[in-house]
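Dear colleague,

I am passing on the structure we spoke about, with the sequence alongside. Please open both before reading on, since the notes below follow the chain through its sheets and its cores.

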Amino acid sequence: MPLDEASGDSSLVDLYENAPCGLLSMRPDGVVLRVNETFLRMTGHTRDRVVGRPIVDLLDAAGRLFYETRLLPVVLLNEEAREVQLPIVGADGTASAALVNAVAVRGGDGELRFVRFAIFDATGRRSYELQLLAARRAAEESESRVRVLQDAAATFSRLDTEAQVNEVIASIFQAAFDASDVVVLAADRRGSLELTSGPTPLDPYLGDSPERPIANAAARGEIVTVSSPADADARFPGSAAAMRAARFGAATATPMIHDGAVLGVISCLFRREREFDERTVELQAALARQAAQVLVRLRLQRQLEALALRDQLTGLGNRVMLEGAIQQALHASGELRRPVALIFVDLDGFKLINDEFGHGIGDDVLREITRRMSAAVRHEDTVGRLGGDEFLIVCEDTDGDGARAIAERVCDVIREPLAGAKSHPVTASVGIAVKSADRDGSVTVTRMIDLADTAMYASKQAGKDRITVVLA
């Protein structure tokens, strides 16, 4: 679109077309979608010659190889590539040096939509040769970094626990950066750091004061590098003496961050003084991001597993967890020749509370009864909620008399007045199924639940607020 001379303003289209660098966008399959006039002037191509054709048509053989094996993988992995040398073939067939920045653009679903390129003319034959050499070296280093990241991603994907992740982090950082020691620390909810992997050769260095490199990295959410004890003298005097005493010449501290929260810190320790270039820092940051993503995945997985076994209202185990606990108790009973009891608790009068006061008060009553029941049973007993106002208590190594004693304590605490529903007393009808020590192992989980349920109904039919015991 031409300049709007009447208003003196230029349009965004004009800004794009006449930008001080060539601009080009391509689809994920490499076909060029859009190109600006600056690029066409730089190369001598017409728009029809570029748009709708593969971007590799604009590159010579070496450029195509570099683009396909180095530049594009880096963009897809790191979401961008900066100041990469790439020869562009002009309309006359001559390849000219160009400096390329590339950015991957993804949609809200995370799928790659297109890649944008900003292309700058790199003039001067000698400058071109020097820059091409630097690009080749950078590409080789980039290839090495990509390989490290790919290997790390493959290793991380096979891990099942945070302890495994911490051990792998230490080994990957030690190998990738030739560190003499690697220390991994995890941050708790209060932000305090706790050692999870690696030796502790520098306790003063690992301290929780911001004057220590690790604590500073956690507080700032940025990588901290210490190139020498003299550097530590100037910036972290509290750690300088410790580094000298332990004969360490340099160190880095890299925070593991997810959604702005620091999950922990990875610290590399080196025997000799060392300068840390931008590529080293970037690789440490990329590996730390991978580690953080794995830690978040494992923690989310644990939360989902816990939710799948817990009743959302009371926090007690649900039917799935209860069946597992009963199965375990029955197995132990058969192996060790010990009795096992299952107590079925059904609340009397709870429906009236729901009907008169509403489910909000009813939920409060269930939570209070849950708290009382959990306090009344033994530490080794398992209390769970089947649903509604029905509960189960799994009691290992417990005969009929022992189970009755537990049930009586439960009934006593349930009878106590309830805040918000004092005018509506709640009691419990209880059924107990007991598998004796000498009973064979043919009793099933379903059989135990059915027997305890039947005994509970016998208590209700006999007048409620009582206990019935049956043998399995």
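Two strands are said to pair if DSSP finds at least two bridges between them, and helices (H or I, at least four residues) and strands (E, at least two) are DSSP runs, numbered from the N terminus. This is a predicted model, in which local features need pLDDT of at least 70 and side-chain atom pairs count only at pLDDT 80 or more, while totals for chains, interfaces and linings use all residues. Residues are numbered from 1 along each chain as its sequence is written, and side-chain values use heavy atoms, with hydrogens and water left out.

With that wording, 6 bridges join strand 6 (residues 181–187) to strand 10 (residues 261–270), and the two run antiparallel; within this pairing, the bridge partner of Val183 is Ser267 in strand 10. Strand 6 also pairs in the antiparallel sense with strand 7 (residues 193–197), over 4 bridges, and Ala187 stands opposite Leu193 of strand 7. These two strands form a hairpin with 5 residues between them, and Gly191 in the turn has a positive phi of about 90°.

How many residues of strand 6 are buried? Taking buried as under 20% relative accessible area (exposed is over 50%, partly exposed in between, with a 1.4 Å probe and protein chains only), 7 of the 7 residues are buried, so strand 6 is largely enclosed by the rest of the structure. In a regular strand the side chains alternate between the two faces of the sheet. Here both faces are covered, with Asp181, Val183, Leu185 and Ala187 buried on one side and Val182, Val184 and Ala186 buried on the other.

Strand 4 (residues 95–106) and strand 5 (residues 112–121) pair in the antiparallel sense over 9 bridges, with Ile119 of strand 5 as the bridge partner of Val100.

As for the cores, a nonpolar core is a set of buried Ala, Val, Leu, Ile, Met, Phe, Trp, Tyr and Cys residues joined through side-chain atoms within 4.5 Å. The largest has 32 residues, and those with the most contacts inside it are Ile343, Val345 and Ile414. Helix 14 (400–415) is among the elements that each supply at least two residues of this core, and helix 14 gives the most, with 7 residues. A second, separate core of 30 residues includes Leu149, Leu159, Ile169 and Val182. Counting contact as heavy atoms within 4.5 Å, Ile414 touches several residues, including Val345, Leu347, Ile369 and Met373, not counting residues up to four places away in sequence.

Finally, the chain as a whole has 15 helices and 15 strands, and 45% of its 472 residues count as buried.

With best wishes
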